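Visitor: I would like to learn how to read a protein structure, one feature at a time. Could you take me through one, giving the general idea before the particular case?

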Amino acid sequence: MNYSYIGEIKHRDSSSCMFCILDKKIFNEKHKYSLDICINKNPSNGIVLNFAYKNTKFITFSDGWLNRFKFFGKQNNKGEFEELLISTTHMDVKDLPLQNIDDQLDELEKFGLIKLIRNKKNNKIETIKTNENADILNIRKLSHFSYKKIGFEEEASDIKGDDQFLLLAAQEGAENIIKKYIKNIYDPDTTAELNENSIERIIKIANFKNKIYTNKFIPRISKLQNKSIEIKSGKLICDLIGENLEINVPCGIFPIYEIYDQSYKDNVEIETILLKQRLKMESKLRRFTKLIYVSDDKDYLEQWDYEKLEAHGWEHDKMREHSNFKTKSPNIHFIYIDFRN
C-alpha cells in the first residue's frame, strides 16, 4: 500500500510556528488560536511542537517565511488512516539517487578515490578523506558517473578517450574532481517535488527514527515528555495557528515518531549553537541599552554604550551569524504516527 496525499496547511510567520496535534474530543473552536492551553489540560490527548525561527529555545526548520506542512497517509478499508507522515521542513527536496549514499561512498573507496573512517561502535562514516594520489580515470568506472556530476558537462562531447579526460583533470585537479563528485552525492543539482510519487524514495534517505519528545520548551505547557497520543473520538486534528486538517484515524493510544536525515541533524546542532550565541549577545545588548526620551509625548530612542558592550564581550558579528544561517539540504524531517499499534 502506497502513501496518498491528504493535504497541506500553511502559515506565513517567520518567528513562531506552534503546531498542535490533538484528539477532536478536546478541540475547542473558540480556542483554536490557543490550542496549547487545551492540550495542557488534556496532555494525553494532544501534543504541541514549536517549529520556530528565532527567539525560542527550540529550533526546527520550515522553509523561510512560509511555514507549510504536507500530509501523507495510508488508509485501511474503513477509510481510516493507519499511518500518517507530516513533512515539516520542505516542499521540494534535493533529488538524491536511488542508490544508498553509503554504497556510493564504498564504491569510491573501492576504486581508491577516497578513504573512509568509520565509527568502531556503529560503523557509521565519520570522515571522508580524498586520495590525492588516486588514479582519476577510475572515477569514470563508478556506477552512477556522469560528466555533469564533476562539472564537465559542456566538455563531455569533446572527451573521446583517456588522454582528453586526463588533460581536463590536470587543469581542474584530481582532488577537486573527487570532491565535486562527493558533493553531488549529498547535494545534487536537480530537485524532486515532495508528492505521492517521490515520498517513498525520500523517506529512504532519512536514516534516523526516534520517538518524539513533545510539549518541550513551549511556554505555558507543562513539561511532559509524552511520546504517544490517545484518540477517543476517531478524529485527529492537526493545527497550525488556526488552520487545520481533520483526519479519520482509529481509536487507541499510538506512538509518535520523528524521522529525519543526517543533514537535518547537522542543521539542528549548528543552529542551536548559533542561537545560543545570538541570545547571549542580545542579553548583553539589553544590559547596556539606555532609553532616551526625546519629546513630551515620551517618544524615545535607544542608545548603546559600545565601550561597555565590547568590554563585556559583545560582538555584532556573532548576532549576524544566526540571521545568516542557511540550512544544508535536503533537510528532511517528518512527524510519523503509526495507528496500527
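Visitor: How many disulfides does the structure hold?

Guide: A disulfide is a pair of cysteine sulfur atoms within 2.5 Å, and by that rule the structure holds zero disulfides. Before we go on, please keep in mind that this is a predicted model, in which local features need pLDDT of at least 70 and side-chain atom pairs count only at pLDDT 80 or more, while totals for chains, interfaces and linings use all residues. Residues are numbered from 1 along each chain as its sequence is written, and side-chain values use heavy atoms, with hydrogens and water left out.

Visitor: How many helices and strands does the protein have?

Guide: Helices (H or I, at least four residues) and strands (E, at least two) are DSSP runs, numbered from the N terminus. The protein has eight helices and 17 strands.

Visitor: How is the packing of two helices described?

Guide: Two packed helices are described by the angle between their axes and the distance between the axes. The axes are lines fitted to C-alpha atoms, for helices over the stretch in contact, and the angles run from 0 to 180 degrees between N-to-C directions. Here helix H2 (residues 101-110) packs with helix H4 (residues 174-186) at an angle of about 165°, and their axes are 10 Å apart. That angle makes H2 roughly antiparallel to H4, since angles under 35 degrees count as roughly parallel, over 145 as roughly antiparallel, 65 to 115 as roughly perpendicular and the rest as oblique.

Visitor: Which residues of H2 and H4 meet?

Guide: Contact means heavy atoms within 4.5 Å. On the H2 side are Ile101, Gln104, Leu105 and Leu108, and they meet Tyr181, Ile182, Ile185 and Tyr186 in H4. The residues of this contact of H2 with H4 divide into seven nonpolar, one polar and no charged, where Ala, Val, Leu, Ile, Met, Phe, Trp, Tyr, Cys and Pro count as nonpolar, Asp, Glu, Lys and Arg as charged, and the others, Gly among them, as polar.

Visitor: What does Leu108 touch?

Guide: Not counting residues up to four places away in sequence, Leu108 touches Leu113, Ile114, Leu142, Tyr181, Ile182 and Ile185. Leu108 is also buried, with a relative accessible area of 0%.

Visitor: How do helices H6 and H8 cross?

Guide: The axes of helix H6 (residues 262-287) and helix H8 (residues 316-323) come within 8 Å and cross at roughly 140°, and H6 and H8 are therefore oblique to each other. The contact involves residues including Glu271, Arg278 and Met281 of H6, together with Lys318, Met319 and Glu321 among those of H8. The residues of the contact of H6 with H8 divide into four nonpolar, three polar and five charged.

Visitor: Where is Ile47, and where is Arg118?

Guide: Ile47 is placed in strand S3 (residues 46-50) and is buried, with a relative accessible area of 0%. Ile47 and Ile21 are 26 residues apart in sequence, yet 5.3 Å apart in space, C-alpha to C-alpha. Arg118 is found in strand S7 (residues 114-118) and, at 25% relative accessibility, counts as partly exposed. Leaving aside neighbours within four places in sequence, Arg118 is in contact with Asp106, Asn123, Lys124, Ile125 and Glu126.

Methods
Buried < 20%, exposed > 50% of the residue type's maximum accessible area, 1.4 Å probe, protein only.
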